Amino acid sequence: SRVGPEGKKAMEVLPPLDHSSIDYPPFRKCFYEEHPEVTGMDWEEMLRYREEELQVQVEGRESCRPIVSFKHATGFSETLLREIVKRGFEAPTPIQAQALPLALAGRDVLGIAQTGSGKTLAFVWPAIVHLMDQAHIKRGDGPIVLILAPTRELASQIYVEATKFSKPHSAKVAAIFGGAGKWEQTKLLKEGVEILVATPGRLLELLKTKATNLKRCTLLVLDEADRMFDLGFEAQLHSVLGQIRPDRQTLLFSATFKRKVEKLANEVLRDPVRVVCGKAGQANEDVKQEVVVLPNDEAKYQWLAHRLPGLVREGKVLVFVSSKQGCEELAGRLMMLLQGDARASCLPPWKVEALHGDKDQHERSLIMRRFKQQQQQQQGEGGKE
Ligand code: ADP
Ligand code: MG
């Protein structure tokens with residue numbers, strides 16, 4: 001795995017600020033009002049649009065309906081809408097359709113969608129709306145919007161996108177990352193920046209030298225959160241987070257949803273809405289998947305019978321079949337395999353159980369418990385899961 005230029009450095013962290021001792025001015029978070037066309041969609045139709053067309057799953061208290069067109073993003077200014085049309089964008093991508101209304105409504109959002117699905121603008125556009133509502137940056141002020149990204153390539157990409165859409169609003173954008181001149185970055189920050197795109201390590205360095213501060217930061221975006229962990233930015237990230245007022249709005253985007261991302265989301269988001277794009281049950285990256293296509297049932301059985309001894313040595317095996325009868329038949333055959341096989345004495349011992357809906361609940365629970373217990377024993381003996 002690649003390590004960013006700042007990834008390896010052991011970095012002392014900044015202690016979190018005592019936010020209760022700081023007098024933060026109030027700020028506006030909500031710029032969204034549902035468009036009548038969105039309200040007018042009947043419930044069934046809305047669900048069909050969300051689940052089938054957008055293939056988006058939404059979880060969280062009082063979510064927003066997805067929007068269909070950019071004109072439904074009611075917080076967007078005329079200038080912003082014109083710029084979007086000028087860039088040739090016709091309609092929001094699925095993640096944008098669901099995340100834009102939420103972000104504009106001031107909600108914390110956890111957005112999971114594949115690479116290339118348009119996540120950048122799903123946070124850049126609301127960020128522009130958010131900052132345009134606030135007083136101009138004065139010399140010495142820190143950024144209003146902070147976007148953290150794990151690598152300098154990514155930070156530059158976000159910077160380019162953000163600049164395109166900020167220009168017509170004359171909002172100042174800057175990007176800071178390791179490997180580039182600290183002196184110039186310091187100068188830039190001191191002049192005042194409204195949207196700051198940064199890698200956590202470099203930002204932390206510049207916070208320590210007081211090149212900037214995060215007292216005015218009211219919108220925080222964490223992009224590619226999964227890669228932040230891959231690159232070892234966890235401590236830096238938390239250190240930066242401790243510098244930002246707790247009542248900020250936070251948007252967190254990731255292409256994958258690993259346990260660490262979920263944990264981070266729980267720590268940094270308040271009452272969030274989770275938006276997951278793509279077909280239900282997309283592969284978890286922690287699970288290695290291999291697909292083998294075989295011509296018929298007999299070939300499948302032969303494949304399995306041949307590999308089972310090896311698999312059983314490694315751990316446990318779950319076999320899914322499509323019918324209750326198929327389940328019983330396969331279980332029977334696998335039991336026979338062990339008994340009838342001449343090599344049986346050199347095979348690892350295995351037990352076979354069949355589990356399906358024709359068994360009563362009590363029996364099913366017993367089978368499940370036996371399956372789990374065996375696992376604990378194996379683990380206890382130093383066996384693999
Ligand atoms: P992600 O961050 O999800 O990997 P990006 O934000 O980099 O994806 O977007 C991928 C590409 O899609 C970019 O070139 C971007 O300009 C384009 N794009 C974003 N939103 C739209 C849209 N609504 N319609 C068409 N293209 C879009
Ligand atoms: Mg991206």
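This is a tour of a predicted model with one protein chain and a ligand, stop by stop.

Local features need pLDDT of at least 70 and side-chain atom pairs count only at pLDDT 80 or more, while totals for chains, interfaces and linings use all residues. Residues are numbered from 1 along each chain as its sequence is written, chains are lettered from A and ligands numbered from 1 in the order in which they are written, and side-chain values use heavy atoms, with hydrogens and water left out.

**Whole chain**

Select the protein chain and colour it by secondary structure: there are 14 helices and 8 strands. These are DSSP runs (helices H or I, at least four residues; strands E, at least two), numbered from the N terminus. Of the 385 residues, 44% count as buried, that is, under 20% relative accessible area, with exposed meaning over 50% and partly exposed in between (1.4 Å probe, protein chains only). The accessible surface is about 21,200 Å², and 52% of that belongs to carbon and sulfur atoms; areas come from the Shrake-Rupley method with a 1.4 Å probe.

**Ligand 1**

Next, select ligand 1 and the residues with a heavy atom within 4 Å of it. There are 15 of them, and the closest are A91, Q96, G116, K119 and T120. Helix α5 (residues 119-132) supplies the largest share of this shell, 3 residues.

A polar backbone atom of G116 is 2.5 Å from a ligand oxygen, and a backbone N or O atom of S117 is 3.1 Å from one. At T120 the side chain takes part, with an N or O atom 2.6 Å from an oxygen of ligand 1. The protein covers 70% of the 570 Å² of accessible area that the ligand has on its own.

**T93**

Move to T93, in the loop between α3 (78-86) and α4 (94-104). Leaving aside neighbours within four places in sequence, T93 is in contact (heavy atoms within 4.5 Å) with S117 and G118. T93 counts as partly exposed because its relative accessibility is 25%.

**Nonpolar cores**

A nonpolar core is a set of buried Ala, Val, Leu, Ile, Met, Phe, Trp, Tyr and Cys residues joined through side-chain atoms within 4.5 Å. In the largest, of 57 residues, select F76, F123, W125, V145, I147 and L251, which touch the most other members. Helix α5 gives the most to this core, 9 residues. Finish with the second, separate core of 35 residues, which includes L203, M228, F229 and A265.

Definitions and conventions: Polar contact = N/O pair within 3.5 Å; in protein donor to acceptor, adjacent residues only side chain to side chain.
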